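Please read it alongside the coordinates.

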Amino acid sequence: MKVLSNHDNSCVCVQTPERFSEDASQYNNQLTFEEMNLSRPILKAITALGFKEPTPIQKACVPVGLLGRDLCACAATGT
């Protein structure tokens with residue numbers, strides 16, 4: 001709740017919106033696919049495709065997605 005003053009010095013309470021975004025730049029850089037709590041079929045597919053280590057964007061976003069949260073992320077081309 002935020003209190004604002006009107007031109008006549010009366011006060012008005014305004015509901016402040018919830019924070020819409022979070023900064024995910026601080027993520028666990030040591031996180032592996034095995035530690036992400038992925039299903040066995042997903043882990044098997046990752047292994048079959050030859051992926052060894054998650055990219056930084058995967059390390060930051062997969063845990064958020066697994067919590068059922070919406071996300072929007074950007075990564076450098078090639079990651």
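**Notes on the predicted model**

1. E53 is exposed, with a relative accessible area of 53%. Exposed means over 50% relative accessible area, buried under 20%, and partly exposed in between (1.4 Å probe, protein chains only). The side chain of E53 meets that of K59 in a salt bridge, at 3.0 Å from N to O. The term requires a side-chain nitrogen of Lys or Arg within 4 Å of a carboxyl oxygen of Asp or Glu. A search of the whole structure finds one salt bridge. Its lysine, K59, counts as buried at 4% relative accessibility.

2. On provenance: this is a predicted model, where local features need pLDDT of at least 70, side-chain atom pairs count only at pLDDT 80 or more, and totals for chains, interfaces and linings use all residues. Residues are numbered from 1 along each chain as its sequence is written, and side-chain values use heavy atoms, with hydrogens and water left out.

3. Overall layout. The chain has two helices and two strands. Along the sequence the pattern is β-β-α-α. Helices (H or I, at least four residues) and strands (E, at least two) are DSSP runs, numbered from the N terminus. Buried residues make up 11% of the 79 residues in the chain. The accessible surface of the chain is about 7000 Å², and 55% of it belongs to carbon and sulfur atoms. These areas come from the Shrake-Rupley method with a 1.4 Å probe; for residues, only the protein chains shown count as cover.

4. Contacts. Of the contacts in the chain with a separation of 6 or more, 29% join residues 24 or more positions apart. Contact means heavy atoms within 4.5 Å.

5. Which residues form the largest nonpolar core? The five are L31, F33, M36, L38 and I46. Such a core is a set of buried Ala, Val, Leu, Ile, Met, Phe, Trp, Tyr and Cys residues joined through side-chain atoms within 4.5 Å. Leaving out residues up to four places away in sequence, F33 touches L38, L43, I46, F51, K52, E53, P54 and Q58.

6. At 12% relative accessibility, L31 counts as buried. Its contacts, not counting residues up to four places away in sequence, are M36, P54, K59 and P63.

7. N37 lies in the loop between strand 2 and helix 1. Its phi is near 60 degrees, a positive value in a residue other than glycine. Most residues other than glycine have a negative phi. N37 is exposed, with a relative accessible area of 69%.

8. Cysteines. A search of the whole structure finds zero disulfides, the criterion being a pair of cysteine sulfur atoms within 2.5 Å. C61 is in no disulfide; the nearest cysteine sulfur, that of C72, is 9.0 Å away. C61 counts as buried at 16% relative accessibility. C74 is in no disulfide either, and the nearest cysteine sulfur, again that of C72, is 5.8 Å away. C74 is exposed, at 73% relative accessible area.

9. Annotation. UniProt lists residues 31–59 as "short sequence motif: Q motif" (unreviewed entry). UniProt also places "domain: DEAD-box RNA helicase Q" (unreviewed entry) at residues 31–59. Positions are in the numbering used here, feature names are shortened, and annotations may be inferred rather than shown by experiment. Over residues 31–59 the chain is 45% helix and 0% strand, and the end C-alpha atoms are 6 Å apart.
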